[in-house]
Amino acid sequence: FPIGLRLEVVDKKRISSVRVARVTYCVAGRIHIAYEGLGDDGFWCHERSSLIHPIGWAQVIGHDLRASPEYAKSSLEKALLRKCEADEASWDMFPPVHTPQCELKFKEGMKLEAIDPLNLSTICVATVTKVLRNNYLMIGIDGMMAANGSDWFCYHASSPCIFPVGFCELNGIELTPPRGHKGDFRWFDYLRQTKSVAAPVALFKKDIPKHGFQEGMHAEVVDLMEPRLICVGRVTKVVGRLLRVHFDGWEDSYDQWCDCESPDLFPVGWCQMVQYPLEPPRQNGTMPDIAVGPLA
């Protein structure tokens, strides 16, 4: 992505919305983005990140857009005609999103399990709060949702970050229940109490590539809570294509769940190769022996 490229980006202070932003810096596929008109320091992500989109994306799928009426109108026209200015991100700059081949559809109110984008070490009880166009969904974490929906977040129906009811129990993963829930959490009881239904399991079918990741392997991993940082990470659990990554020297509460094909995973030595600073493990004694992951 060239410096100066204009695109639509999730608002980091209101994740249920997107804003217009520009690319200000690029390093080997990682880009720094600054919002137009806000004057903040922006943030880093990868050019394959699900947080960034072409011009007109929000209007096309029905996502909340924090921009002027003039931009909203012109961006929709450009998206429909597939004609953008030279400094604007066009739709062909982004890989097509896989559409699940299933007659069933997600519906508002359905329950599921989802990685919390504001606490990536947890998989939580969640709800489909709104169904957008082109198979995009707004998701909310049960017991945590703001009344105005400002903390809903957008995942595509094919996202590796959402799972069917019972996924965590089946795979020995701790499921975070709704805030305030007392006693053991049981999906059957919760669905009955909330008079809701689970999203059909058939909607979550995902291919599992032969990725080669194993527990104990190390990689260089973006700290998605502070995405300018790339840190020494270690895979501590593998469930299909889902990985749990621990940052050496830090508490487990800083762990991240991520997909095996995440653009925020890099092989050992990547930072040195592209001359990007690597955050070393927090010192608590001797450095561990490092097993190199399959990205190398």
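Modeller: A nonpolar core is a set of buried Ala, Val, Leu, Ile, Met, Phe, Trp, Tyr and Cys residues joined through side-chain atoms within 4.5 Å. Keep that in mind for this structure, which is a predicted model.

Biologist: How many residues does the largest nonpolar core have, and which have the most contacts inside it?

Modeller: The largest nonpolar core has 51 residues. Those with the most contacts inside this core are F106, I115, I123, I139, I162, I173 and L242. Strand 8, residues 119-131, gives the most to the core, with 6 residues.

Biologist: Take I115. What does I115 touch, leaving out residues up to four places away in sequence?

Modeller: With those left out, I115 touches L120, T122, I123, F153, Y155, C161, F163, L242 and W257. Another core lies apart from the largest one. That other core has 14 residues, including V23, I33, F43 and F94.

Biologist: How should I read the cysteines, and how many disulfides are there?

Modeller: A disulfide is a covalent bond between the sulfur atoms of two cysteines. To count as one here, the two sulfur atoms must be within 2.5 Å. A search of the whole structure finds 0 disulfides. For C84, the nearest cysteine sulfur is that of C26, 18 Å away. For C161, the nearest is that of C258, at 8.7 Å.

Biologist: Why does C84 count as partly exposed?

Modeller: Buried means under 20% relative accessible area and exposed means over 50%, with partly exposed in between. C84 has 26% relative accessibility, so C84 counts as partly exposed. Across the protein chain, buried residues make up 48% of the 296 residues. The chain exposes about 15,500 Å², and carbon and sulfur atoms supply 53% of that area.

Biologist: What radius of gyration does the chain have, and what would a compact globule have?

Modeller: A compact globule with 296 residues would have a radius of gyration near 19 Å. The protein chain has 20 Å, which agrees. Along the principal axes, the C-alpha atoms fill a box of roughly 55 × 55 × 35 Å.

Biologist: How many helices and strands are there, and into which domains is the chain divided?

Modeller: The protein chain contains 5 helices and 19 strands. The chain is divided into domain 1 (5-93), domain 2 (110-203) and domain 3 (217-279).

Biologist: How far apart are the C-alpha centres of domain 1 and domain 3, and how many residues are in contact?

Modeller: Those centres lie 25 Å apart. In contact are 8 residues of domain 1 and 11 residues of domain 3. As for the whole chain, among contacts with a separation of 6 or more, 56% are between residues 24 or more positions apart.

How values were computed: Residues numbered from 1 in each chain as written. Predicted model: local features only at pLDDT ≥ 70, side-chain atom pairs only at ≥ 80, totals over all residues. Heavy atoms only, no water. Buried < 20%, exposed > 50% of the residue type's maximum accessible area, 1.4 Å probe, protein only. Helix = DSSP H or I, 4+ residues; strand = E, 2+ residues; numbered from the N terminus. Contact = heavy atoms within 4.5 Å. Rg over C-alpha atoms; globule rule 2.2 N^0.38 Å. Areas by Shrake-Rupley, 256 points an atom, 1.4 Å probe, with all protein chains shown as cover. Domains from an automatic or database assignment.
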